[in-house]
Amino acid sequence: MPLEEYASKRKFENTPEPAPGSAEGKFPPHYFCVQRHDATRLHYDFRLEIDGVLKSWAVPKGPSLDPALKHLAAHVEDHPLEYGDFEGNIPKGNYGAGSVMLWDAGTFELLGGVAADAQIARGDLKFRLHGEKLKGEFALVHMKNRGKGNEWLLIKKRDESAAPGWDIEAHAYSVLSGRTQEEIARNLPARESKRARAGASDRVWESSRPNTRSTGGSTAPAPATPKKKSMSTSNRSSRGSKAPAKPKSRTA
Ligand code: MN
């Protein structure tokens, strides 16, 4: 049972994370997702649906569209398909406690002409992503004879989707709810309409603040956000006047 490790690490009466079940038909074939997980250390969980489960890698620095970067990706336990749109808060005391954002989602095409499980076994998995944020060809390459044996590299291939200098912090919002990590942590409601979210990747970020790890996005309200949603609007404006978010460890 590939999901035994996943289940054994969690007490489903104490965490909103899904128990393995039947998510058949809930997601398109060859689904992929990336969760931004503000646990002990901020990281991104990169997941590809292969053979009915989400094969998973924890990527401390996150994926990138910059082909010059090779980011460490620790191969971790398979997750159930049900995890594919999970977003919420894992309470303290539970495995992985912290807020989880559905950072990207979409489908992938397997490349390389060999079955996915064989590509994983050989330590070189090639695929093309069709996400909202991540697009184009990538590879996951196993670094054999290193560390605990679970260390891979996530690499963007040079293609028309490559974007040198791509800044992941400019994309720190949920593709599910439009929320920032802080808004998820505070259990605030979804803050944008679906239509507004679709344009969110076109947000222009102020180059004068390149080094702020914005938990906000508060400086870039989506133009199509309705003004009348009073609760979230007031929260937003109060947040907008605050000093930059406190620095958090994001080295891992
Ligand atoms: Mn995680």
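1. Overall make-up. The protein chain holds five helices and nine strands. This is a predicted model. Along the sequence, the elements follow the pattern α-β-β-β-β-β-β-α-β-β-β-α-α-α. The protein chain has 252 residues, and 31% of them are buried. Take the contacts with a separation of 6 or more: 59% of them join residues 24 or more positions apart.

2. Confidence. Check this before reading any detail. The average pLDDT of the protein chain is 82. A score of at least 70 is reached by 75% of the residues. Residues 194-252 are another matter: pLDDT stays under 50 there. For that stretch the model has 63 contacts beyond four places in sequence. Helix α4 (194-198) falls at these numbers, so treat its placement with the pLDDT in mind, as pLDDT is the predictor's confidence in each residue.

3. The largest nonpolar core. Which residues touch the most other members of this core? They are Phe-32, Phe-46, Trp-57, Val-59, Ala-73 and Leu-154, out of 34 residues in the core. Several strands each supply at least two core residues: β1 (31-38), β2 (42-50), β3 (53-59), β6 (98-110), β7 (124-131), β8 (135-142) and β9 (151-156). The largest share, six residues, comes from β6. There is a general background to this: in soluble globular proteins, nonpolar side chains tend to be buried together.

4. Val-59, a core member. Val-59 is worth a look in the viewer. Set aside its neighbours within four places in sequence. Val-59 then contacts His-43, Tyr-44, Phe-46, His-71, Leu-72, Ala-73 and Leu-154. Phe-46, Ala-73 and Leu-154 are also listed with Val-59 among the core residues that touch the most other members.

5. Strand β3 and its partners. Is β3 enclosed or open? Strand β3 is largely enclosed by the rest of the structure, because six of its seven residues are buried. β2 and β3 pair in the antiparallel sense, over seven bridges. In that pairing Asp-45 stands opposite Ala-58 of β3. The two strands form a hairpin with two residues between them. Asp-51 sits in the turn, with a positive phi of about 55°. β3 also runs antiparallel to β4, and five bridges join them. Here Leu-54 stands opposite His-79 in β4.

6. Strand β9 and its partners. β4 (residues 70-80) pairs with β9 in the antiparallel sense over five bridges. His-71 stands opposite Leu-154 of β9. β8 and β9 are also antiparallel, over five bridges. Val-141 has Leu-153 in β9 as its bridge partner. For the side chains, remember a general rule: in a regular strand they alternate between the two faces of the sheet.

7. Cys-33. This residue lies in strand β1. Why does Cys-33 count as buried? Cys-33 counts as buried because it has 25 C-beta neighbours inside 10 Å, and the cut-off is 20 or more. Not counting residues up to four places away in sequence, Cys-33 touches Arg-47, Gly-84, Leu-102, Asp-104 and Ala-105. Cys-33 and Leu-54 are 21 residues apart along the chain, and their C-alpha atoms are separated by 8.8 Å.

8. Two residues with positive phi in loops. Most residues other than glycine have a negative phi. His-30 has a phi near 60°, a positive value. His-30 is placed in the loop between α1 (4-8) and β1. It is partly exposed, with 16 other C-beta atoms within 10 Å. Asn-145 is not a glycine either, and its phi is positive at about 60°. Asn-145 lies in the loop between β8 and β9. Asn-145 counts as exposed because it has 7 C-beta neighbours inside 10 Å.

9. Pro-189. Where is Pro-189 found? Pro-189 is in the loop between α3 (181-185) and α4. Pro-189 is exposed, with 12 other C-beta atoms within 10 Å. Pro-189 and Arg-179 are ten residues apart along the chain, and their C-alpha atoms are separated by 7.9 Å.

Definitions and conventions
Residues are numbered from 1 along each chain as its sequence is written. This is a predicted model: local features need pLDDT of at least 70, side-chain atom pairs count only at pLDDT 80 or more; totals for chains, interfaces and linings use all residues. A nonpolar core is a set of buried Ala, Val, Leu, Ile, Met, Phe, Trp, Tyr and Cys residues joined through C-beta atoms within 7 Å. Helices (H or I, at least four residues) and strands (E, at least two) are DSSP runs, numbered from the N terminus. Two residues are in contact if their C-beta atoms, placed from the backbone, lie within 7 Å. Two strands pair if DSSP finds at least two bridges between them. pLDDT is the predictor's confidence in each residue, from 0 to 100.
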